[in-house]
Amino acid sequence: MVQYGHFDDAAREYVIDTPATPLPWINYLGNEAFFSLISNTAGGYSFYKDAKLRRITRYRYNNVPQDEGARNYYLSLMSDASAEATPVDSWSPTFLPMKTPLDSYRCRHGLGYTVIEASRKGIESEFTAFVPMGAHAEINMLTVRNTTEKPVVIDVTGSVEWCLWNAVDDSTNFQRNLSTGEVEVEQMADATLLYHKTEFKERRNHYAFFSVNEPTIGFDTARDIFLGRFNGWDSPDAITQGHAFNSIAYGWYPMAAARVRLQLDPGDARTLVFMTGYVEVPQDQKWEDASDPAKVGIINKQPAHELFARFNTMEKVEAALQELKQYWDGLLSGWQVTSGDERLDRMVNIWNQYQCMVTFNMSRSASYYESGTGRGMGFRDSNQDLLGFVHIVPARARERILDIAATQLPDGSAWHQYQPLTKLGNADIGGGFNDDPLWLVASVFAYICETGDAAILAEPVPFNNEDGSEQPLLEHLRRSVRFTMSHRGPHGLPLIGRADWNDCLNLNCFSATPGESFQTVENNDTGIAESVFIAGMFVLYGEQYAQLLEHCGASQCGMTDVSVETEVHNVRKAVAEVREAAQTAGWDGDWFVRAYDAHGNKVGTAADTEGRIFIEPQGLCVMAGIGTDNGKAQRALESTKQLLTGRWGTAILAPAYSTYRIELGEISTYPRGYKENGGIFCHNNPWISIANALVGNDDEAFAIYERTCPSYVEPYSDIHMTEPYVYCQMVAGPESPTPGQGKNSWLTGTAAWTFVNVSQYLLGVKPTLDGLLVEPHMPERFTEFTITRRWRGTEYVIHVKHTGERSMLINGQAAEGFIVPQAAAGVNHVQVDVTF
């Protein structure tokens with residue numbers, strides 16, 4: 001057992017005790033438009049809205065060392081305060097990039113902020129990074145304290161390296177970019193602002209700046225001069241020589257560095273506020289004075305001055321940080337549990353919900369594993385993410401649903417991804433992923449269950465973001481369901497298209513060309529390859545669509561009673577047909593088949609030597625109720641436990657493929673035990689937990705939750721490697737050489753699905769169209785727990801006690817059944833007492 005830190009539940013922080021974590025352990029800053037990633041050694045990058053098209057600071061993937069070059073800070077103990085002073089010692093208050101040994105180090109990752117504390121030779125520092133609410137800027141507040149018995153002179157240098165806006169172009173188009181970099185400098189008596197205005201004079205209306213709120217003794221904007229010819233960020237000439245060069249970048253590598261000198265008596269401390277800001281200006285207001293030819297080309301700095309002035313003192317920054325903390329207090333207060341198990345409570349109350357909000361903001365577009373250079377927002381991803389955050393920010397969930405639906409295509413299919421800046425479909429990846437349409441039904445159903453806002457169904461939404469194509473959102477759902485109904489194969493199962501949820505199961509791509517994309521190449525679409533996974537989805541979400549029609553009625557849906565009845569009948573008829581197909585053609589004897597390939601052969605069958613059983617259909621089919629009335633569901637889950645489940649979780653398939661199977665695609669290209677080829681995909685482990693809960697296997701349902709839950713795995717951080725406070729996408733499976741090793745943390749559907757699982761099925765408070773269903777599935781050792789749940793404007797306090805019998809009281813009155821109806825208008829508090 002090796003841990004590199006600990007949870008501080010009272011402060012809602014994870015405290016890291018060493019910079020030498022197995023991987024960079026990161027945090028996310030920002031909640032609206034400006035976002036940053038920051039590691040426990042201050043690595044990372046910043047962007048505005050879109051990590052590809054508005055990248056502000058540069059980050060090098062595959063860099064060595066891995067995590068440096070974004071925001072770099074240096075403290076230099078100087079020989080004296082003269083202009084000729086030389087450095088006696090220099091170090092980074094965040095450890096990197098200088099790597100000078102520190103006498104003490106501590107990183108505290110909180111909700112939307114990170115604090116790194118360090119000391120060396122009696123000089124203490126505290127570095128705080130966050131993005132204030134409503135601001136397009138990252139604040140870096142650095143406090144330096146002299147704890148020695150002598151006066152000291154400390155030079156503080158803060159720096160960032162600019163990305164030239166488009167992250168892909170920045171890393172490829174050097175013949176142009178090395179000539180385009182432009183900067184401006186404002187070195188004033190009380191502050192310095194260094195501007196990055198590359199490409200501003202032509203097509204762009206935005207610039208960035210780096211500032212400090214104290215007078216500077218020097219600056220640099222040219223990276224090659226700041227670093228020197230043979231140096232990296234760990235030993236810049238500006239630091240080793242003890243002075244800035246006041247360099248101006250003309251092309252090449254623009255950056256920003258500001259140097260401040262502090263003279264500290266024993267016990268004295270000074271606080272500096274550095275800012276990385278982003279500004280947009282109207283095209284007709286780009287210049288300082290457009291009427292003066294001498295000033296055309298000098299950027300309009302007024303918006304930057306206004307942004308700088310909002311946070312130019314320690315007091316203003318601390319007030320903004322307090323506002324941020326209060327914001328998170330409000331967000332998290334809507335779902336809290338007290339169970340007696342601190343590991344469960346901290347994940348449910350803090351970290352799982354926090355990760356759900358980060359995935360809401362980012363989808364899969366920007367992490368240390370998703371480079372932010374291509375994926376954008378996923379249609380499937382964003383709909384699933386909504387399931388985990390809809391209770392936190394329902395208004396923003398509504399907006400997200402309408403954005404997603406607008407990228408749907410007229411036939412009911414969808415762009416697989418869209419860019420968050422433009423909200424247009426990503427043509428590089430295209431569509432044809434046949435599970436995508438049904439996820440829209442899932443998110444809308446969850447939203448209406450949470451909010452009761454059926455009016456969203458009447459909202460006009462375009463197809464493919466084309467003006468004039470607007471139809472009510474309900475029509476988008478109808479076309480989603482109809483797409484699956486009309487795309488069925490020889491066995492009556494839904495056709496898989498390019499892929500279903502598992503993007504690496506490519507049954508219509510027979511690729512023998514190196515570098516060819518498995519997801520975008522369709523060279524063998526015979527209309528035969530089918531997905532049992534989508535069958536489970538259709539049974540589950542087709543029924544939800546029918547329930548929406550019935551519940552919302554003809555008046556809400558803009559339909560006649562007869563048309564509602566006809567639509568519901570037709571959908572349920574198709575659902576019944578697919579349910580039957582899943583239990584016949586989709587059943588292998590002891591588990592559900594995964595798919596049928598382009599030749600009509602089973603995938604995920606006992607008749608094969610490898611890939612005999614897959615996790616996905618066992619989860620979704622049972623969640624949809626398929627086989628719960630005839631023992632097949634229970635048998636499938638027993639097979640899953642026996643053949644797929646181990647110490648670190650439930651693997652995606654077994655046995656792993658040892659050779660490339662061209663008819664299966666990318667799934668068989670990975671080494672055994674990794675990713676889709678036998679890895680433990682944390683994303684779909686909650687489906688198996690939910691399925692076990694639904695059939696009454698409560699102990700196994702919770703055991704599945706524990707195996708991938710970060711706070712339960714924390715003692716094994718040396719094995720797991722990824723952050724012990726958030727979920728990762730994948731854990732190396734039992735057939736790999738490194739079982740238990742995590743990869744791809746933070747941006748994963750695991751966050752949303754795990755919160756759905758633990759909140760709605762294990763702890764058992766599930767919003768429905770008719771009220772809150774209270775049906776816990778916790779192990780007997782949880783004898784008593786209390787949930788506080790804000791729902792539709794009312795606080796429900798639900799006290800649950802394990803007695804072996806079922807009963808429910810609502811405000812002291814016995815209830816029939818276990819659905820708590822929505823409280824009357826004006827009722828702020830409802831007390832619910834449940835036994836199970």
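Strand 25 pairs with strand 26, residues 595–596, in the antiparallel sense, over 2 bridges. Pairing here takes at least two DSSP bridges between the strands. Strands are DSSP E runs of at least two residues, helices are H or I runs of at least four, and both are numbered from the N terminus.

A word on the source: this is a predicted model, where local features need pLDDT of at least 70, side-chain atom pairs count only at pLDDT 80 or more, and totals for chains, interfaces and linings use all residues. Residues are numbered from 1 along each chain as its sequence is written, and side-chain values use heavy atoms, leaving out hydrogens and water.

Next, the helices. Helix 12 (residues 532–557) packs with helix 13 (residues 561–583) at about 165 degrees, axes 9 Å apart. Axes are lines fitted to C-alpha atoms over the stretch in contact, and angles run from 0 to 180 degrees between N-to-C directions. So helix 12 is roughly antiparallel to helix 13, a label for angles over 145 degrees.

Last, the record. An unreviewed UniProt entry lists residues 327–764 as "domain: Glycosyl hydrolase 94 catalytic"; such annotations may be inferred rather than shown by experiment. In the model, residues 327–764 are 44% helix and 8% strand, with end C-alpha atoms 27 Å apart.

Methods. Parallel < 35°, antiparallel > 145°, perpendicular 65-115°, else oblique.
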